[in-house]
Amino acid sequence: MKPLALSFAAFGPYIKKTELDFADLKGRSFFLIHGATGAGKTTILDAICFALYGDASGEKREAKMLRSSQADLAVATEVSFTFSLGQSKYRIWRSPEQLRPKKRGDGVTLQTADALLYKEPEGTLLVQGYAKVTEYVEQLLGFKSSQF
């Protein structure tokens, strides 16, 4: 699997939408994620793991814990990850269960978790549903999140 692009919003310490373009690596197969303690390095790996499997890269964090505590409720926590596997290219969009403002009236409502998996570049929807996308990814990659 080769990462191509990653974007996430209201995720971990990242309040605003953040986009990473792995094309900037110019074909290098080895790269380093570095920065000061607390800069959000692990969050990048969490975002990739969350997109693929619906959970964090470590056993101590659950998907519900990945929402930024500093983000406005109107900003949805979501991750989009594009990657290639052999000659095929895929894009996953995933959002955890989270509170959001009601569309009508005051207050908040619980938005259920959801996920979509597309075959790119044509944008064909392959599978929808939090658990169904996870199952498809496990078959596609040949390993589970605990092995990530």
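How many helices and strands does the secondary structure of the protein come to? And which side chains meet in salt bridges?

Modeller: This is a predicted model, in which local features need pLDDT of at least 70 and side-chain atom pairs count only at pLDDT 80 or more, while totals for chains, interfaces and linings use all residues. Residues are numbered from 1 along each chain as its sequence is written, and side-chain values use heavy atoms, with hydrogens and water left out.

The protein has 2 helices and 8 strands, counted as DSSP runs (helices H or I, at least four residues; strands E, at least two) and numbered from the N terminus. Their order from the N terminus is β-β-α-β-β-β-β-β-β-α.

The structure holds 3 salt bridges, each being a side-chain nitrogen of Lys or Arg within 4 Å of a carboxyl oxygen of Asp or Glu. In one of them, R91 pairs with E120, with the closest N and O atoms 2.7 Å apart. R91 belongs to strand β4 (residues 88–95) and E120 to strand β7 (residues 114–120), so this pair ties together parts 29 residues apart in sequence. E120 is buried at 13% relative accessibility, whereas R91 is partly exposed at 26%; buried means under 20% relative accessible area, exposed over 50%, and partly exposed in between (1.4 Å probe, protein chains only).

K17 and E19 form another salt bridge, at 3.5 Å from N to O, and both residues are exposed. K144 meets E138 at 3.4 Å, N to O. Here K144 is partly exposed at 44% relative accessibility, and E138 is partly exposed at 21%.
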